[in-house]
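Please consider the sequence and structure first.

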Amino acid sequence: MNGGRQSDRPIVPEKSPNKGGASRLAEGMEGRGLTEGNPGQRNRGRTLSRATLSNGLERIRQTARRKKGEGFTALWHHVYDLDQLRAAYYGIKRGSAPGVDGKTWKAYGENLEGNLQELSARLKRGAYRAKPVKRGYIPKREGQQRAIGLPVLEDKLVQRSTVRVMEAIYEADFKGFSYGFRLKRSAHDALDALAVGITCRKVNWVLDADIRGIFDAIDHRWMLEFIQHRIADKRVWRQVKKWLKAGVLEGGKKIVVEEGTPQGGSISPLLANIYLHYVFDLWADHWRRSQARGDVIMVRFADDFVVGFQYREEAERFLRELRKRLGKFNLELNEKKTRLIEFGRYAARDRDRRGEGKPETFDFLGFTHICGKTRKGRFKVQRKTNRRRMQRKLGEIRDELRRRMHRPIPEVGKWLRSVLRGYYQYHAIAGNTALLESFRYHVSRIWYRALRRRSQRRRLRWEQMGRLCSRWLPTPRVLHPYPEQSLCVRYPR
């Protein structure tokens with residue numbers, strides 16, 4: 001490794017919560033359980049294999065916790081283990097698109113044991129070769145498109161197997177304020193930690209930031225150097241390098257890429273987390289320990305993060321130094337999505353004194369965060385569904401209802417019920433019920449207009465529509481409690 005580059009990243013061996021005791025509730029997330037098995041596998045052999053896998057991964061986790069900073073030299077046999085590959089196969093989505101070889105999940109499973117044994121043998125003797133990733137595109141908002149990668153099925157299997165092994169190591173290293181693509185962590189954990197941190201600490205300024213195109217900008221040399229800190233098994237290291245260098249296939253032509261990881265592969269989210277762990281997490285945690293005088297809280301979900309500060313000058317200095325830090329590793333902030341705003345318990349009072357109106361709001365993980373008050377007049381962080389996000393979802397439902405216009409009402413009703421339940425599952429947080437009821441009302445109006453267009457002879461009355469809505473459209477209820485209650489249940493200490 002290049003000795004000169006190591007000075008760019010402070011390596012802090014311990015996981016650290018926010019400054020002070022109260023924020024331990026928001027960021028103290030140690031003590032997570034084992035990786036969950038696949039509930040769909042029920043025969044005796046698979047049950048025993050899951051127990052064996054859990055024991056092997058648990059030994060790696062315990063060693064990673066005890067020996068922080070040391071590299072693991074014997075990991076490859078876990079990757080090509082037949083039980084591990086079998087578990088990876090059953091963890092893949094059945095209907096996922098095939099890669100360049102055209103092989104589907106169902107076709108591979110017709111001779112599953114034979115295929116897995118042959119794959120394991122190739123991995124063991126070093127004959128396995130990563131194949132180019134088929135490039136596809138999915139639409140983004142504002143008419144843009146996002147490139148995604150479609151690996152071949154065997155690459156998916158080996159990547160999932162490798163990810164399980166590497167996660168057992170890196171979960172001991174990742175910081176408590178990192179939430180994206182983590183075991184036993186979700187977007188709601190990040191939202192709750194942020195709300196509790198802003199409420200309990202002396203936060204007056206919030207930096208809402210986003211890193212531009214993390215999956216396309218990862219520097220391969222830095223990525224491989226970071227991995228060597230913990231992965232001393234050269235066979236694992238070389239396999240990761242093969243995936244990075246495999247290239248993409250677009251229009252029948254292979255394109256060699258020198259940076260980035262194709263989105264769509266199982267290993268890409270973990271690699272992005274490792275990259276940001278060394279580039280951002282360790283540096284930011286060291287910065288607040290050594291340079292901040294006031295309180296500083298942090299919550300990161302993948303490439304989207306929020307940092308709260310007590311003092312404005314520290315927030316501005318952090319932002320300046322962050323830009324320089326990211327630039328050293330081929331990253332940059334998305335300036336359109338990066339803002340420093342006055343936000344916190346005293347923001348409304350201070351802005352009113354200066355005649356500047358209400359405090360600004362910021363968006364994080366699909367919710368707009370607002371400075372609000374409880375019924376007793378205490379400060380709280382109000383979280384409402386982002387209205388643009390809700391409008392996009394309603395537009396998708398409107399378009400789909402036009403395609404389903406002449407389908408039987410029970411069929412359409414069942415589909416709408418599943419859509420609403422899925423929407424509630426994410427957005428039904430405490431304090432957001434009014435917007436959920438508004439969402440349900442707009443869905444009913446869209447469905448009503450679609451049904452009235454089906455026939456010019458018989459017009460559907462709104463009273464009849466009300467009965468259809470009562471039968472098929474579930475009413476919203478809170479599924480996620482208040483942040484303080486949620487964190488206290490999951491992390492009692």
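**Contacts, burial, strands and salt bridges**

Q: Which residues does Ile148 touch, not counting residues up to four places away in sequence?
A: Ile148 touches Lys134, Arg135, Gly136, Tyr137, Ile138 and Gln263, where contact means heavy atoms within 4.5 Å. This is a predicted model, in which local features need pLDDT of at least 70, side-chain atom pairs count only at pLDDT 80 or more, and totals for chains, interfaces and linings use all residues. Residues are numbered from 1 along each chain as its sequence is written, and side-chain values use heavy atoms, with hydrogens and water left out.

Q: Why is Ile148 called partly exposed?
A: The relative accessible area of Ile148 is 24%. Buried means under 20%, exposed over 50%, and partly exposed in between (1.4 Å probe, protein chains only); Ile148 is therefore partly exposed. Ile148 is found in strand β2, residues 145-150 (helices, H or I, of at least four residues and strands, E, of at least two are DSSP runs, numbered from the N terminus).

Q: Why are β2 and β5 called edge strands?
A: An open sheet of 4 strands has the order β2-β1-β4-β5, with mixed pairing. Strands β2 and β5 (253-255) each pair on one side only. Two strands pair if DSSP finds at least two bridges between them; β4 (residues 248-250) and β5 run antiparallel and are joined by 3 bridges.

Q: How do you know that Asp295 and Arg201 form a salt bridge?
A: The side chains of Asp295 and Arg201 meet at 3.0 Å, N to O. A salt bridge is a side-chain nitrogen of Lys or Arg within 4 Å of a carboxyl oxygen of Asp or Glu, so the pair qualifies. Asp295 lies in the loop between α13 (267-290) and β6 and Arg201 in the loop between α9 and β3 (205-210), so the pair ties together parts that are 94 residues apart in sequence.

Q: What separates Asp285 and Arg289 along helix α13?
A: Being 4 residues apart in helix α13, Asp285 and Arg289 are separated by about one helical turn. Their side chains meet in a salt bridge (3.1 Å, N to O), and Asp285 is buried, with a relative accessible area of 0%.
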